[in-house]
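User: I have a protein model open and I would like to learn how to read it one feature at a time. Could you take me through it slowly?

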Amino acid sequence: NHKNKIDIINGQKRAPIVVIFGHVDHGKTTLLDSIRKTNTVSHEVGGITQSIIGYEVEHQYFATKEQLVFLDTPGHQAFSSMRLRGAQVSDVAILLVAADDGLKKQTIEAIDYIMNNQIPYIVAINKTDKLDLNLSIVREQLANYNIVDQNMYGNSNIIEISALTGKNIDLLLNQICELSNKLSLKSDNNSLAQGTILESYLDKQMGAVANIVIKNGALKVGHTIVSGNTYGRIKAIMDHTGSKINYAIASSVVNIYGFPSIPEAGLHFQVIKSEKNSKYLINKYIHKHTESNINKSLNKRIT
Ligand code: GTP
Ligand code: NA
Ligand code: MG
C-alpha cells in the first residue's frame, strides 16, 4: 500500500530544488539562516561551509503554502567540484553577490554554469544594509555578463537584499515561487530515485548516515542505493523532521541508513531495485561516477 500512496502523488507538483551560489563570504549561509530563521552559520568551523547542506522550507505565497528545497554550497575555491555537483541537482538558482565586493571568481563560475545549463535563476545583491554602497557598479558588472534587470510587470530578476536584516527576503522567495511555478515541476515516483549526497557521517548506533536530496524518482526501505564506490540496502529512512518513513519522493531531503561505509558528500546517488542480479548495474554505475569521469563530464559542461 506504500506503492499505492506513491502512485497517488505521482505526477503531482513537486517542490523546486533551489541552489544558492556565490563567492566565498558573500552571505549564502546567512541567507539560508534567514530563510530558516535559525542560526547555523555560527556553528561552522571558521564560518566556511564545508559541504552542500539541504533544507526543506515552506513559504506563504499569496493564498498557498509553497514547499521549497534549498541547498547551500561552499564558496571556498577548494570545493569547486562539490559546488558543480550541487548545481546538477538544481531546478532554480540564486546567484548571490555581495554589494560591497561585486563579481568574483566563484560568482563568475556560477554564472557560466547557470548560462551553459540554462538554469532559471534570480540574482540577489546582498549586504545592501551596508552604508556608502554604489550598487550601479555591481549592476554594471552583471550587465557585462548580459544579466540585466527585466523588471517586467513589477517582477524583478535582480533583487537587493540583506540576509542580515531580512530586507526583501520575502520578495526573493515570492520571485522564486513565481519562477518555479512556471517550470511546473512534477514528481515521477515510478522511476527509481537519484540525486545528491549532501552530507554523510558515522553514527555510533546506526552506522553510516547519508543526508540526501532526491531529484527524481522515489526510494523505499529495501532498495539498493549506490554512490561513488559504495552501495548498500536501505534499512531506514528519516524525513527532515526526524520521523521514520518507509519511502521518500522527489524534492525531499532525507537521511538514509544502510550504506556499509560513508558515501562522499557531493556525490551523485542512484537507487537500484534489488541487489540481486544487479552487480552489473552497480559496476556500470560506479564506473560512470568515478571521480575522474565526473570531472571529465563537469569540465565538458563548463567549457
Ligand atoms: P562560505 O560558505 O564560506 O562561502 O560563505 P557564505 O557565502 O556562506 O557567507 P556567510 O553566510 O558565512 O557570511 C559571511 C559574512 O558576511 C558573515 O560575517 C556574515 O555575517 C556577513 N553577512 C552575510 N550577509 C550579510 C548582510 O546582508 N549584511 C551584512 N552587513 N553582512 C552580511
Ligand atoms: Na563564510
Ligand atoms: Mg556558507
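Analyst: Gladly, and we start with a definition: helices, of type H or I with at least four residues, and strands, of type E with at least two, are DSSP runs numbered from the N terminus. Keep in mind throughout that this is a predicted model. With that naming in hand, we can say that helix α2, residues 28–36, gives the most to the shell around ligand 1, with three residues.

User: Which residues come nearest to ligand 1?

Analyst: There are 22 residues around ligand 1, and of these Gly27, Thr29, Thr30, Thr49 and Gly75 come nearest. Sorted by class, the shell holds six nonpolar, eleven polar and five charged residues.

User: Is helix α2 mostly covered or mostly open?

Analyst: Helix α2 is mostly covered, since seven of its nine residues are buried, and these are Lys28, Thr29, Thr30, Leu31, Leu32, Ser34 and Ile35. The elements that cover these buried residues include the strands β1 (17–22), β2 (53–61), β3 (64–72), β4 and β5 (121–126), together with helix α6 (169–183). The helix is followed by Lys37, whose phi is positive, near 55°.

User: How should I think about a nonpolar core, and which residues touch the most other members here?

Analyst: The general idea is that in soluble globular proteins, nonpolar side chains tend to be buried together. In this model the largest nonpolar core has 78 residues, and Ile94, Leu95 and Val123 touch the most other members. Strand β4, residues 92–98, gives the most to this core, with seven residues. If we set aside neighbours within four places in sequence, Val123 is in contact with Leu95, Val97, Leu142, Ile147, Asn157 and Ile158.

User: What does the UniProt record list for this chain?

Analyst: In an unreviewed entry, UniProt lists residues 13–186 as "domain: Tr-type G".

User: How do I read a sheet, and in what order do the strands of the eight-stranded one stand?

Analyst: Strands of a sheet pair through backbone hydrogen bonds, either parallel or antiparallel. Here eight strands form an open sheet in the order β11-β10-β16-β7-β8-β15-β12-β13, and the pairing is antiparallel. At the edges stand β11 (230–233) and β13 (244–245), each with a single partner strand, so one side of each has no neighbour in the sheet. Within this sheet, strand β12 (residues 236–238) and strand β15 (residues 253–257) run antiparallel and are joined by three bridges, and the bridge partner of Ala236 in β15 is Tyr257.

User: How many residues lie between the two strands of the hairpin formed by β10 and β11?

Analyst: Two residues lie between β10 and β11 in their hairpin, and Gly228 in the turn has a positive phi of about 55°. Strand β10 (residues 224–227) pairs with β11 in the antiparallel sense over four bridges, with Val226 opposite Tyr231 in β11.

User: How far apart in space are Ser80 and Glu66?

Analyst: Ser80 and Glu66 are 14 residues apart in sequence and 31 Å apart in space, taken from C-alpha to C-alpha. Ser80 lies in helix α3 (residues 80–88) and is partly exposed, with 17 other C-beta atoms within 10 Å.

Definitions and conventions. Residues are numbered from 1 along each chain as its sequence is written. Chains are lettered from A and ligands numbered from 1 in the order in which they are written. This is a predicted model: local features need pLDDT of at least 70, side-chain atom pairs count only at pLDDT 80 or more; totals for chains, interfaces and linings use all residues. A nonpolar core is a set of buried Ala, Val, Leu, Ile, Met, Phe, Trp, Tyr and Cys residues joined through C-beta atoms within 7 Å. A residue is buried if 20 or more other C-beta atoms lie within 10 Å of its own, exposed if 12 or fewer, and partly exposed in between; C-beta atoms are placed from the backbone. Two residues are in contact if their C-beta atoms, placed from the backbone, lie within 7 Å. A residue is near a molecule or strand if its C-beta atom, placed from the backbone, lies within 6 Å of it. Ala, Val, Leu, Ile, Met, Phe, Trp, Tyr, Cys and Pro count as nonpolar, Asp, Glu, Lys and Arg as charged, and the others, Gly among them, as polar. UniProt positions are given in the numbering used here, feature names are shortened, and annotations may be inferred rather than shown by experiment. Two strands pair if DSSP finds at least two bridges between them.
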